[in-house]
Each structure stands twice: as C-alpha cells, then as structure tokens.
Amino acid sequence: MATKIAKTGIEREYGYLYFLDKRGDVSRVEAQRGGGKQKRGKKERVAKAGVERESGWLYFIDKDGDVARVKMAKPGSKRRTGKAKTKSPARRTTARRTTTKSTTKRSAAKRR
C-alpha cells in the first residue's frame, strides 16, 4: 500500500507526463507519441514538494495529484497471492535401464 509523502493536489492535463524530478519537485513534460523519433520536450515545474528520496522506494504522483511512495519489489521474488502455497510434488527420476539392445550388441562383440 502506498503512503502519501506530500500533498500537492495537482490537476492533471491530458497529454502530459507528471513525475518527481531530481530536486524532489513535481514536474511535467509533454507526452511522447509513436511514429518515429521526436524531439525532447522541455520540462516545467508544476509544484514545489521538496521530497528527499530514500533508496528502495518508488516515488510517483497518485490519482489525487499528491506525491506517494511504495516499497520496491525485490528482484527475483514472487508476488504473494494470499493463498497458502502448496508444495509441488517431488520430481520423478526415471529408472535406468539395465539392458538395452545397444549394450547387448556391444557386449556380444566384446566376447568374440
């Protein structure tokens, strides 16, 4: 569950990407559209939040327009579903064949 860090109450406009910049303020840039290479848009500061980032946390602008954060998932860990996890059955090993046609032919050739 995400926790709110700073209340900014930004009203989002269509066609812009909102993000938390290096200074910890909320900025926006014109959203890129498909269809080839496009020029880089100029970012503009929308609200001053002054958030100091900590490692291991993902910061974002939530649907209310406030700055929120959530703990990052550890790489390689699986998502919990809430159900009790059942153990998978042990892997069956195939029984080794003691005699095959190829071994009997080889052994017969060795005897001669």
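**View 1. Leucine 20 faces β3.** Leucine 20 stands opposite valine 26 of β3 in this predicted model; strands are DSSP runs (E, at least two residues) numbered from the N terminus. Local features need pLDDT of at least 70, side-chain atom pairs count only at pLDDT 80 or more, and totals for chains, interfaces and linings use all residues. Residues are numbered from 1 along each chain as its sequence is written, and side-chain values use heavy atoms, with hydrogens and water left out.

**View 2. β2 and β3 form a hairpin.** The pairing of β2 with β3 (residues 26-30) is antiparallel and runs over five bridges; two strands count as paired if DSSP finds at least two bridges between them. Five residues lie between the strands. Glycine 24 in this hairpin takes a positive phi near 90°.

**View 3. β3 meets β4.** Three bridges join β3 and β4, again in the antiparallel sense. Arginine 28 has glutamate 44 of β4 as its bridge partner.

**View 4. The open sheet has the order β2-β3-β4.** Its three strands pair in antiparallel fashion. β2 (16-20) and β4 (44-47) are the edge strands, each pairing on one side only. The twist averages 35° from one strand to the next; axes are lines fitted to C-alpha atoms, and angles run from 0 to 180 degrees between N-to-C directions.

**View 5. β3 is largely enclosed by the rest of the structure.** This is because four of its five residues are buried (under 20% relative accessible area, 1.4 Å probe, protein chains only).

Technical notes:
Buried < 20%, exposed > 50% of the residue type's maximum accessible area, 1.4 Å probe, protein only.
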